[in-house]
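Subject: Structure handover

Hello,

Here is the structure I promised to pass on. Please open it first, then read my notes alongside it.

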Amino acid sequence: MFSLAVPARKTSKTKKAMRRGHIKLTTPNLTACPNCGELRKSHMVCPSCGFYDGRQVVTVNNASNNN
């Protein structure tokens, strides 16, 4: 017969917590848009004004724009 891979002893709460220490939610890195000032993700087109890198890339519907 062969033996199965079974833990020799129970994993303690401390060891389990240390293993899971890096598993957590992170907040997105938001920066202010230089054109309109809205918060947006870095290296992404601004969803409120459509600007990226100093020029208009996407046309935005004026009804959803709060300016």
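Which strand does Leu-30 lie in? Leu-30 belongs to strand β1, which covers residues 30-32. Keep that residue in view, as I return to it below.

**The model**

Please note that this is a predicted model. The mean pLDDT of the protein is 87. Of its residues, 91% reach 70 or more. Among the elements, helix α1 (residues 13-19) has the highest confidence, at a mean of 95. Strand β4 (residues 55-56) has the lowest, at 90.

**The overall picture**

Read from the N terminus, the order is α-β-β-β-β. The radius of gyration is 24 Å, while the globule rule gives 11 Å for 67 residues, so the protein is more spread out than a compact globule. The C-alpha trace tells you its extent: about 70 × 30 × 25 Å along the principal axes.

How much of the protein is buried? Buried residues account for 9% of the 67. The accessible surface is about 6500 Å². Carbon and sulfur atoms hold 55% of that surface.

Contacts come next. Take those between residues at least 6 apart in sequence. Of these, 0% join residues at least 24 apart.

**Two separations to look at**

Start with Pro-7. This residue sits in the segment before α1. Pro-7 is exposed, with a relative accessible area of 63%. Now find Cys-33, which is 26 residues away from Pro-7 along the chain. The C-alpha atoms of the two are separated by 53 Å.

Then go back to Leu-30 in β1. Its relative accessibility is 44%, so Leu-30 counts as partly exposed. Leave aside its neighbours within four places in sequence, and Leu-30 is in contact with Leu-39, Arg-40 and Lys-41. Arg-55 is 25 residues from Leu-30 along the chain. Their C-alpha atoms are separated by 19 Å.

**The cysteines**

How many disulfides does a search of the whole structure find? The search finds zero. Cys-46 is in no disulfide, and its nearest cysteine sulfur is that of Cys-49, 3.6 Å away. Cys-49 is likewise in no disulfide, with the sulfur of Cys-46 as its nearest, at 3.6 Å.

Is Cys-46 buried or exposed? Cys-46 is buried, with a relative accessible area of 2%. Cys-49 is buried too, at 9%. The cut-off for buried is under 20%, so both values qualify.

Cys-46 is found in the loop between β2 and β3. What is Cys-46 in contact with, leaving aside its neighbours within four places in sequence? The partners are Cys-33, Cys-36, Glu-38, Arg-40 and Phe-51. Arg-40 is also one of the contacts of Leu-30.

**Two backbone angles**

Most residues other than glycine have a negative phi. Two residues here have a positive phi instead.

One is His-43, with a phi of about 60°. His-43 is not a glycine. Its place is in the loop between β2 (39-41) and β3 (51-52). His-43 counts as exposed, at 68% relative accessibility.

The other is Asp-53, with a phi near 55°. Asp-53 is also a residue other than glycine. Where is Asp-53 placed? Asp-53 is in the loop between β3 and β4. Asp-53 is exposed, with a relative accessible area of 63%.

**Where to begin**

I would start with the loop between β2 and β3. That loop holds Cys-46. His-43 is in that loop as well. Cys-46 is buried there, whereas His-43 is exposed.

Best wishes

Notes
Residues numbered from 1 in each chain as written. Predicted model: local features only at pLDDT ≥ 70, side-chain atom pairs only at ≥ 80, totals over all residues. Heavy atoms only, no water. Helix = DSSP H or I, 4+ residues; strand = E, 2+ residues; numbered from the N terminus. Rg over C-alpha atoms; globule rule 2.2 N^0.38 Å. Buried < 20%, exposed > 50% of the residue type's maximum accessible area, 1.4 Å probe, protein only. Contact = heavy atoms within 4.5 Å. Areas by Shrake-Rupley, 256 points an atom, 1.4 Å probe, with all protein chains shown as cover. Disulfide = S-S within 2.5 Å. pLDDT = per-residue confidence, 0-100.
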